[in-house]
Amino acid sequence: METTNIVNSMPRIGDKAPSFKAVTTQGNINFPEDYKGKWKILFSHPADFTPVCTSEFMTFAKMAPEFEALNTQLVGLSVDGLYSHIAWLRTIKDKIEYKDMKGMEVKFPLIEDITMEVANKYGMIQPGEATTKAVRAVFFIDPQDIIRAIIYYPLALGRNFDELKRVLIGLQTVDNFNVALPADWRPGDEVIVPTAGSCGVAKERMESKDENIKCYDWFFCTKKLSKEEVESRLGK
Ligand code: BEZ
């Protein structure tokens with residue numbers, strides 16, 4: 001039987017982020033070790049010099065200060081080479097005006113991955129969609145280097161950047177306040193109090209006179225958490 005060296009693993013939520021060394025537009029990196037204590041968003045795009053990816057990179061560049069304020073390092077990847085990356089990012093900066101974005105400079109590292117080593121390690125090559133390009137994968141990795149959320153988009157659909165930021169803020173809120181977050185949660189909305197460990201505690205909470213707590217049933221209680229409180233802890 002023929003054997004192959006290709007590792008096409010699929011890291012999952014809760015796994016330690018696989019380590020790798022890579023060449024990027026910002027120099028060599030050792031991931032995730034170089035970003036100790038930070039959140040990381042590792043994302044892939046299918047190819048340089050393509051329109052959907054260009055619109056996404058301009059948006060990433062525009063939002064980079066917002067991710068930075070959330071103590072988050074962006075790291076991009078495609079299976080193109082370094083000189084293609086450099087030429088594409090220069091074209092974006094010098095020539096492309098799109099919506100309200102012009103002169104957008106990408107200052108976060110973009111990994112060259114011609115061998116597809118990193119893309120395969122992270123399950124970014126999904127052969128049913130494309131065998132020679134990465135899909136639009138987004139890995140949210142916490143300061144302890146644990147993968148906390150993963151989103152995949154196909155080649156033809158650009159990412160929703162409001163959602164990427166919402167997921168990051170949501171994960172940081174979960175960690176800082178020991179709560180869960182309901183459907184469509186945004187800062188300022190009510191949060192879910194974790195399910196109590198025993199019936200006694202659940203009953204006590206159901207009967208709580210705390211006006212900040214609202215119970216819909218014994219397993220479903222929410223409490224208020226102001227936007228200001230959330231924002232004061234983000235990025236920590
Ligand atoms: C794009 O970014 O426009 C794109 C890339 C690969 C396939 C389809 C679209």
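The side chain of H45 makes a polar contact, 2.9 Å in length, with the side chain of D48, where a polar contact is a pair of N or O atoms within 3.5 Å and, within protein, one atom must be able to donate a hydrogen and the other to accept it, with residues adjacent in sequence counting only if both atoms are side-chain atoms. The side chain of S78 is also in polar contact with the side chain of H45, at 3.5 Å. The model is predicted, and local features need pLDDT of at least 70, side-chain atom pairs count only at pLDDT 80 or more, and totals for chains, interfaces and linings use all residues. Residues are numbered from 1 along each chain as its sequence is written, and side-chain values use heavy atoms, with hydrogens and water left out.

H45 is placed in the loop between β3 (39-44) and α1 (51-69); helices (H or I, at least four residues) and strands (E, at least two) are DSSP runs, numbered from the N terminus. H45 counts as buried because its relative accessibility is 0%, buried meaning under 20% relative accessible area, exposed over 50% and partly exposed in between, with a 1.4 Å probe and protein chains only. Leaving aside residues up to four places away in sequence, H45 touches several others, including C53, F57, W88 and R136, contact being heavy atoms within 4.5 Å.

A polar side-chain atom of T50 lies 2.9 Å from an oxygen atom of the ligand, a backbone N or O atom of P51 lies 3.2 Å from a ligand oxygen atom, and an N or O atom in the side chain of R136 is 3.1 Å from an oxygen atom of the ligand. Taken alone the ligand exposes 260 Å², of which the protein buries 79%, as given by the Shrake-Rupley method with a 1.4 Å probe.

Elsewhere, strand β1 (residues 20-24) is joined by five bridges to strand β2 (residues 27-31), and the two run antiparallel; strands pair if DSSP finds at least two bridges between them. β1 and β2 form a hairpin with two residues between them, and F20 has F31 as its bridge partner in β2. In a regular strand the side chains alternate between the two faces of the sheet.
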